[in-house]
Structures are given as C-alpha cells and as structure tokens.
Amino acid sequence: MAVTLENPKILRLSEGGHDDASEGIDRISNLPESILHHIFSLVEDTLDVITASAVSRKWRYIWLSMPSLTFSTFHKIWSDKRKTLSFHKVNEEFKDFVNWVLMSQNSSITVQSFCLCGYIHESDDYTLYRWMSFLADRKLQELGLMVFSDGPVELPHFLVSCESLVYFKFVFGLHEVLKLPSSAGFVGLNMLSLMNVKFLDCVSFRTFISNCPVLEHLNLLACVFSDMKTLDIASVSLKSLVIDNGYPDPGGDGLRNCELKVTCPGLVSFYYNSPLAKDFLLQDLNSLEDIFLSIDSLTEYGVVNDCHHIMHKVFKGISNITVLKLPAALEMLCLEYLYLTLAHPECFKTSFCNLKSLKLILIPNDQSMNLMVGLLNCFPNLEALTICFAWYETVEFSVEDIPSPSVTYHLKMVELLEVRGGKNELEFMRFLLKHGRALDRMSISWAADIKDPKDITSEIMKFPRTSSTVVLKFLQLKSEVDVSSL
C-alpha cells in the first residue's frame, strides 16, 4: 500500500471537564455506530475518515463498516504526490488505495453511496468496471462518477441490472461518449444525472430511457447532441426533466440542430435552459405544473419573426402548467426576444387556464410592457405575478385603450423587483391597481441605486385602486436581485 497515513494524537472527551484518565470515560467511543456512520458520511473523503480513526478506540475500525465511500484524486495527498510523481504513477497509487479499502471492508455491509471524483480512466484499463461490479454485488444504492477518459465509457449490464441502485450521477471531465445498453434500462433507478456526455444515437437513448420503469428525475447538463436528429424522451414514470446547456463553453450547440420530443404523461416539472431547439414536439404533458424556460441566443435562430411557429408549439405543449418562469439567460431577456414571436395571433390562442404563478424578467420598454398586458389575457386564473425589471425603459407606453384582461379577476399578489420609478413601470402599476379587483398585496422593491424613493412612493400611493383591501409594501434592497432564484 503506497499511501502512508500518520496517526494523530489520540484525544478523549469526558464529562464535566474531568480528566478522562482518572474518570475512565470516553464519550465519543460510546456513541452508537449508526451516529458515527452519519458523522463520518459528512467527511469529504474516505481517506480522511481512515486518518481520523485514531481519535477514539471505537473509531479505529469504523471505516471498515462505513456505508458511504468517497474517493477524490483532488485530495491534498494526491495533489502533493503529483508534484514529484507522474500522473500515471499517482493514478496507479490511487487505484491501489481504492482497491485496498474495498477489499478490506466488511463484505456483508450494504454500500449506500459511492462517489469517485477525478479518476483518470484509460480505455484499456478495466479497473472502473471491476469497481462497479464489486459495488453492484454490495447492493449499491447511490453512485456518483466524475471521470476523465481517453475514450468512450460503457454502462455495463451488471450495473444497469442492479436492482438496489436508485441514484446515478455520471460526469465526464471533458466531453466524451457514454455507451448505453441497446435493450435494457436501469431496473430500479429513480434519478439519473448526466453531464458533459456526448450522445450519438437517438434510438438507443430513447429506448434506454423508456426502459427505466421507475425513473422519475432526469438531468442532462452541458451534454452534446450535435450528431442526433431527435432527442426523444419518452417515459411514463418521469416527473422531473432538466435540460441545461447554459454552462460556459458546453462544447456544442445545445439542441440547435436537433428536434426535442418529450412524451411524458406524468411529468410535473420541466427546466429548459438552452439555445432554441430546431423543433419542439411536446406531447401528453397533462401533469406538467412547473416550467423554467430560458432560451439562450434566440435572436441567433435565423430571424426571430420566422420562429414563432416553434414557440407556438412550446406554449401549446405546456398549456396545463401552474407555474411559469421566464428568466434572463446570459444577460439576454427571454421575454424581450419572444416579443415578435408572441405577437402572432395564433400564439395567443393558447390559454393557460391552470396557471397560478408567473415569474419573469422584463425590460420596461413599450414593446415588452404592451406584450405583458397582452399576455395576461392568456392567464385567466393567474393569482401571483413576479416581475424583475431589468435595464432601463425607452419609449413610453400607454394602456388606456387596452381592455381589462380577465386575469384581473383572480390576481391576488404582485411582486415587482428592481423598480426604479420610470414612467413605464409606474404606468404598469397604475394599470394593475386600476383593474386588480381581487388584489390583496403589491410589493415594490426598489433597485439598489435608488436611494430616496419618497417622491415616487407618494405618487404610487395616489393611484386609484379597484380593490379596497389591497396593501402596498415598499422595500429597499441592499443588493441586486439574484434572478436565478426567481
């Protein structure tokens, strides 16, 4: 074994501050094993757990029965070794250490979680597969792998067929291909998270996901689909779907060259943060309640005016949602770039009858403000509206000639963030107060650079109100709003 762990001085904790040598009390050693396991599961690396085993007599062999194991090549011991040894030599020592721990442990203990971070996998080395086989035999429940590989990695059948595995997170340090089984899916997996993975075959991906009978959560982060014509996600069990290509330099164009097809009747939550897909086909999303829609670089998709038919498909496919979030992406305001798209009459034919909450970023110019008023007609039962104003208004807008939307019969709570008191912002507040028949509360949070809003507050308080119970609350924020938390 190439790793040397020096034993620290053995410390004892005793009751009442008495000398434990005279009292003979070791409180730490008397802790139940289950509590010790929980405490050590919070330690970042199993190597540190072994090092700490000398602190108490009862801890001496606790690592042999630890149900949670974590190994990272970024640990200081391995980082220090790389200063004098080659990466290959350090990786070999790291493998020896992991082998030693796995072989030394009590084989009757179920491994609840195993996390491997920064491992360098070589295509002609089968160590990684041997570990997965060993863990599958130990009834592994949660597996996290972050791997640097010089070639594709294959999901072995013995891991996919592991009935105890409920959580699997796989991350490539650099984009690489993950080979999926052609005819089988995880039999007991509840959550699957894939990051920096290249997908080559749309058929095998669809088959694999549809063959995971109890999969409820699927995360695709910074993945590459450039060689696929269709990303087809079909699952009767899936409840949460995340497609996020908003990472810096994800190594691909997201879904720009790929059609996104989602057929998940049980899907409840959908998070989409990526360039606009080549086409959308959202089917049977009858259970969808919450959607986060952030479309990056919409204006790069040809002419914005030419992609309204795609966005119409998106809105038509999510018309049953109860919560809609339209945040900013890479400093580009999603709603602003959707203006020309949603201005087409067919887009407004979709009515979101179940929508209760709407959260968005909005530039207070004439286009987006009029769009916002028009959008309210699509949300007849909206109860809560949150708007974060961004940048500054340009041309003034007026809503004098716009009919009162039906949403004002149900809207109860309005939260306005980053307010600067511009004429368009004030006009929008005037409109909501005038037509908000059920309005209970309007919260107005000033932008951090607005130091003395007394005059603006006074003007707002004079606006006529249809609701006799509405309460106006003014807040002074000390810092800018984190739009990602909307």
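Helices (H or I, at least four residues) and strands (E, at least two) are DSSP runs, numbered from the N terminus. The model is predicted, so local features need pLDDT of at least 70 and side-chain atom pairs count only at pLDDT 80 or more, while totals for chains, interfaces and linings use all residues. Residues are numbered from 1 along each chain as its sequence is written, and side-chain values use heavy atoms, with hydrogens and water left out.

**Exercise 1. Find which residues of helix α14 are buried and what covers them.**

Step 1: α14 spans residues 454-461, and its buried residues are Ile456, Thr457 and Ile460.

Step 2: These residues cover an arc of only 100° around the axis, which puts them on the same side of α14. The arc is that of the directions from the helix axis to the C-beta atoms.

Step 3: Turn to the other side of α14, where Lys454 and Asp455 are exposed.

Step 4: The cover over the buried residues of α14 includes α13 (423-435), β20 (441-446) and β21 (471-476).

**Exercise 2. Describe the second largest pocket by its volume and its lining.**

Step 1: On a 1 Å grid over the protein atoms alone, a pocket is an open set of points with protein on both sides within 12 Å along at least five of seven lines, and lining residues have an atom within 4 Å of a point. Grid points are joined across faces, edges and corners, and a volume is the space filled by probe spheres set on the points.

Step 2: The second largest pocket holds about 220 Å³ of space.

Step 3: Its lining has 15 residues, and those nearest the centre are Phe114, Cys115, Leu143, Gly144 and Tyr167. Two or more lining residues come from each of β1 (68-72), β2 (113-121), β3 (142-149) and β5 (167-179).

Step 4: Sort the lining by class: ten residues are nonpolar, three polar and two charged. Here Ala, Val, Leu, Ile, Met, Phe, Trp, Tyr, Cys and Pro count as nonpolar, Asp, Glu, Lys and Arg as charged, and the others, Gly among them, as polar.

**Exercise 3. Examine phi and accessibility at asparagine 196 and aspartate 284.**

Step 1: Recall the background: most residues other than glycine have a negative phi.

Step 2: Asparagine 196 is not a glycine, yet its phi is positive, at about 60°. Asparagine 196 sits in strand β6 (residues 191-198), and its 12% relative accessibility makes it buried.

Step 3: Aspartate 284 also has a positive phi, near 55°. Aspartate 284 lies in the loop between β12 (279-283) and β13 (290-296), and at 44% relative accessibility it counts as partly exposed.

Terms used. Buried < 20%, exposed > 50% of the residue type's maximum accessible area, 1.4 Å probe, protein only. Contact = heavy atoms within 4.5 Å. 1 Å grid on protein atoms, 1.4 Å probe; cavity = no way out; pocket = protein on both sides within 12 Å on 5 of 7 lines; lining within 4 Å.
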